[in-house]
Amino acid sequence: MKVRVLVSFKESVLDPQGQAVKNALLTLGYDFIKDVRQGKVFEIELNNISREKTEQVIPEISHKVLSNPIIEKFDWEIIE
Amino acid sequence: MRFGIVVFPGSNCDHDTLYVLKHVLGQESFFLWHKDHDLKQADCIILPGGFSYGDYLRSGAIARFSPLMQEIKEFALSGGIVLGICNGFQVLLELGLLPGAMLRNKNLKFLCQNVHMRIENTETPFTNKGKPGQVLNIPIAHFDGNYYSDSHHLKKIIQNHQIILRYCDSEGRLNEESNINGSMEHTAGLINENNNVLGMMPHPERASEILLGSCDGRIIFESIINYLK
């Protein structure tokens, strides 16, 4: 089983790297870019565990390790 | 007094810190390997600067799970004196021993320079040798020193006078230019509610001998020694 976890800053947190990317895109002429926010992708491959266990463990890992809940939020999905 | 300096893979300010405590201030000092479970009866634990685990994932995010952090957390929760310098501050934040988090510096540059900071509160184990409002000149060297806290916790931190050091100009004034990493409330050093755990981004161990340009940093260590006496 493979899952994908997306970690990104909470809306209230300033993302200067995202801003830097946005400005670079605007400079390149993509003048319709409104905003860019940068995050992280984790692809986690799991040995045989049940779907139930996955649904319990992945949010736990995401909350405890992959993200800093003070400044980041996460989302995840099973991809395989 | 016995000072235990924790070493993680990637810590690189451990030797400078030991040098100051042992050879400049004549204190018994030793290293504590992150995988051990023994604090060796240290009176004060220091988490030094560096790049523990290469700053992988987030600065301090992996170091906070090191085996020794269990003993350090217990030590801190029972009132033991803990000082986190730079990466050490980041570990304390990730561990939850201090509130808030660090973001990338506002200007997206690694900042490596001397800066001024103001002592806001001298009633702590870390600043009792200083004077309120005293301006210190101490170097910083970090990429992720932009202190952030949500509004609820920030209010509490301010009410409890937990911001111990604030970035300022050479005259002790708070302004945007001198808050070079963009930290909320110009926070350079933060103490916990219990007044025993301090995190600071500047490196006092790099400013403890006039030979290096400033010995303002020595006040932090001298205060700890004074408090523990």
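Which residues are buried in helix α5 (residues 218-228) of chain B?

## Helix α5 of chain B

In this predicted model, the buried residues of α5(B) are R218(B), I219(B), I220(B), F221(B), S223(B) and I224(B). Buried here means that 20 or more other C-beta atoms, placed from the backbone, lie within 10 Å of the residue's own. Their cover includes α1 (14-24), β3 (44-47), β4 (81-85) and β7 (135-142) of chain B; contact means C-beta atoms within 7 Å. Helices (H or I, at least four residues) and strands (E, at least two) are DSSP runs, numbered from the N terminus.

## The sheet

Chain B has an open sheet of nine strands with mixed pairing, in the order β2-β1-β3-β4-β11-β10-β9-β6-β7. Strands pair if DSSP finds at least two bridges between them. At the edges are β2 (28-33) and β7 of chain B, each pairing on one side only.

Look next at β10 (residues 187-191) and β11 (residues 197-200) of chain B, which pair in the antiparallel sense over three bridges. I191(B) has L198(B) in β11(B) as its bridge partner.

## Chains and confidence

Where do the chains meet? Seven residues of chain A are in contact with 10 residues of chain B. The predictor gives the complex an ipTM of 0.90 and a pTM of 0.96.

## Reading the model

Residues are numbered from 1 along each chain as its sequence is written, while chains are lettered from A and ligands numbered from 1 in the order in which they are written.

Notes: This is a predicted model: local features need pLDDT of at least 70, side-chain atom pairs count only at pLDDT 80 or more; totals for chains, interfaces and linings use all residues. Two residues are in contact if their C-beta atoms, placed from the backbone, lie within 7 Å. A residue is buried if 20 or more other C-beta atoms lie within 10 Å of its own, exposed if 12 or fewer, and partly exposed in between; C-beta atoms are placed from the backbone.
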